[in-house]
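Hello,

Here is the structure I promised to pass on to you.

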Amino acid sequence: MNSLFKTLFSFMLLALLPMVAMAAGTIESDGTKVATNWPAISMFVAFVGLTIYITYWAAKRTKSAKDFYAAGGGITGLQNGLAIAGDYMSAASFLGITGMVYLKGYDGLIFAIGFLVGWPIILFLMSERLRNLGKYTFTDVAAYRFKQTPVRVLAAFGSIAVVILYLIAQMVGAGKLIELLFGLDFDYAVVMVGILIIAYVTFGGMLATTWVQIIKAVLLLSGATFIAIAVMYQMDFSFDTLFKTAVEKRDGDMSILFSGGFVSDPINAISLGIALMFGTAGLPHILMRFFTVPDAKEARKSVFYATGFIGYFYILAFIIGFGAVALIVGGEFFADGKLIGGNNMAAIHLSNVIGGDYFLGFISAVAFATILAVVSGLTLAGASAISHDIYANVINKNATEVQETKVARYATIVIGALAIIFGIGFKDQNIAFVVALAFTIAASANFPVLIMSMYWKNMTTRGAVIGGWLGLSSAVIMVLLGPVVWTQILDMGAAIVPYKFPALFTVTIAFIGIWFFSITDKSARAAEDKEGFEAQFIRSQTGIGAEGSSH
Amino acid sequence: MDQAKIEKIKSLPEYQQLVKERTGLAWKLSIAILVVYYGYIMLLAFNPEFFTTIVSGEYVSIGFPIGVAIIVFSFLLTGYYVKKANDDFDELTAKIKKEVE
């Protein structure tokens with residue numbers, strides 16, 4: 001075990017060395033980069049030290065495949081609720097929603113509500129059934145009674161596509177953020193994130209990934225609570241005063257108090273709502289968390305806690321956004337009349353206004369920790385799709401547990417390396433579309449196949465495969481023809497598909513595809529698929545025959 | 001699960017009650033959240049003037065309490081479902097398991 005500790009310690013040094021070197025470098029070459037933020041760096045180093053220790057602790061407990069993929073099935077509902085909330089409260093969500101409120105006021109709240117309302121649906125229709133049917137990945141459930149190879153390949157492809165797109169968004173965001181907060185070079189920042197997450201996931205598996213996520217969720221919720229209370233304290237705990245001060249800072253422009261055309265087009269608004277709601281229910285790294293709890297009871301409790309934490313967090317984010325409008329004053333925060341680093345830096349600048357350098361350091365470190373935690377969860381989900389769904393259930397059906405976990409570890413290294421390469425490769429690209437694409441694919445390929453497999457008796461392998469691929473391909477095509485890629489990136493003029501999130505159409509296509517190609521399927525396999533529904537349904541309702549906890 | 005066990009479970013009154021009650025509750029609550037959320041979006045799309053109503057002081061427009069209410073409503077609904085499931089559904093499930101295992 002000592003050698004394990006040495007290995008992990010050297011991973012940490014490897015990851016942090018460039019940081020120290022760069023920090024020293026920036027001091028000498030004064031002025032070219034942002035001043036090195038020492039409080040932030042020391043707090044971040046402390047966080048990394050703690051997570052490496054957790055990984056060491058988790059590595060000693062991670063022996064079987066179940067330990068690696070599902071933390072041994074021994075996570076409690078509260079812990080899992082925090083981890084789910086942590087997966088959802090990514091840096092993009094913390095900085096993005098506060099930044100959106102800072103820029104557009106009320107519209108930011110509408111967006112946040114769209115992100116939240118998917119959770120009750122997941123609880124009512126999915127969480128317990130997922131837990132009762134699945135083992136390690138949502139593909140286990142989607143392919144439960146169907147012919148394994150084609151459905152597994154489809155669902156694994158959907159998982160990997162969503163994971164890679166989400167990773168690109170997170171890595172590019174991470175690089176930019178770290179460059180700005182710590183004065184570190186973009187490429188170093190991305191490499192550092194890559195090395196650390198490979199260490200967490202390959203050695204500590206789901207147990208380390210979950211605990212890193214839990215700690216970060218607690219830090220983020222505490223930090224955000226502190227900022228929100230400090231804002232309200234300065235406003236005498238009156239929302240009227242908060243909004244009044246904000247409006248005054250915008251030269252009396254009341255429009256931030258109302259909806260500003262965000263929902264002017266109902267089709268667009270509904271399509272966005274569907275993408276956010278059903279996309280959430282198709283995110284592989286989040287669905288995977290339902291297999292880390294011992295039973296259906298803990299699964300449902302985890303969604304209850306997660307909904308509470310996420311809802312609370314969005315209310316805080318809203319106060320922070322308005323607080324940023326009201327309180328960020330002074331030339332040092334602005335360049336050419338714009339917030340330094342863009343609107344997404346609103347929460348970061350506000351923490352400086354409120355608590356000075358040390359609190360700024362704390363919030364910066366938390367934002368970085370957030371990226372590490374979310375990227376590890378994504379990497380684990382991607383690696384599981386490769387090792388569990390593709391390798392152990394398609395390529396080598398006789399694989400032993402040892403072989404499977406070994407493949408999972410190699411897959412982790414590959415995905416970690418891809419994350420670094422894509423992060424650097426997409427550095428100066430407009431990546432706004434990748435999040436739209438990730439959610440649209442999750443909503444149009446993963447979600448329809450998963451939900452129909454659990455609810456519709458007459459679904460067949462053919463329906464699942466054709467419907468799923470139709471959903472996936474229509475999502476890719478319609479996003480490519482949409483306003484972000486077609487107009488902004490390719491500069492081809494007016495978008496052919498005028499919706500940033502075309503989920504309304506692509507989800508419909510997937511459902512119709514599944515329905516049509518199932519009811520017209522008269523094959524022998526179709527009869528077998530339908531026959532299997534009853535046993536699946538009973539297990540999903542009662543948990544009889546479900547995977548238990550190994551602890 | 002063999003066919004005999006499937007038939008046995010299906011014939012249990014507890015099982016039938018569990019499926020009926022849980023399915024009913026899950027769909028009712030899902031529809032409630034969908035109606036509230038899409039009703040809100042529709043209201044925003046078709047009657048934006050409504051959201052300029054000031055409800056407290058001079059600056060708090062009606063959109064704020066509505067937004068917070070939707071968040072709180074989502075949380076309360078999940079709480080209601082969990083309470084109901086912990087109290088009633090788990091008991092039925094335990095009975096079913098006892099019958100067949």
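**What I found**

Helix 3 of chain B (residues 63-100) has 38 residues and spans 53 Å from its first C-alpha to its last, close to the 56 Å expected at 1.5 Å a residue. Helices here are DSSP runs of H or I with at least four residues, numbered from the N terminus, and the expected span is 1.5 Å times one less than the number of residues. This is a predicted model, in which local features need pLDDT of at least 70 and side-chain atom pairs count only at pLDDT 80 or more, while totals for chains, interfaces and linings use all residues. Residues are numbered from 1 along each chain as its sequence is written, and chains are lettered from A and ligands numbered from 1 in the order in which they are written.

Helix 3 of chain B also has a kink of about 40 degrees centred on Ala85(B); the bend is the angle between axes fitted to the seven residues ending there and the seven starting there.

Its neighbour, helix 2 of chain B, crosses helix 3 of chain B at roughly 175 degrees, with axes that come within 10 Å. Axes are lines fitted to C-alpha atoms over the stretch in contact, with angles from 0 to 180 degrees between N-to-C directions. The two helices are therefore roughly antiparallel (an angle over 145 degrees).

Now to where the chains meet. The contact takes 45 residues from chain A and 44 residues from chain B, counting residues whose C-beta atoms, placed from the backbone, lie within 7 Å. Helix 14 of chain A (296-327) gives the most to chain A's side, with 10 residues.

Helix 12 of chain A (residues 266-280) packs against helix 2 of chain B (residues 13-46) at about 155 degrees, with axes 10 Å apart, so this pair is roughly antiparallel too. Among the residues that meet there are Ile270(A) and Gly273(A) from helix 12 of chain A, and Tyr38(B) and Ile41(B) from helix 2 of chain B.

Best wishes

Key:
Angles under 35 degrees count as roughly parallel, over 145 as roughly antiparallel, 65 to 115 as roughly perpendicular and the rest as oblique. Two residues are in contact if their C-beta atoms, placed from the backbone, lie within 7 Å.
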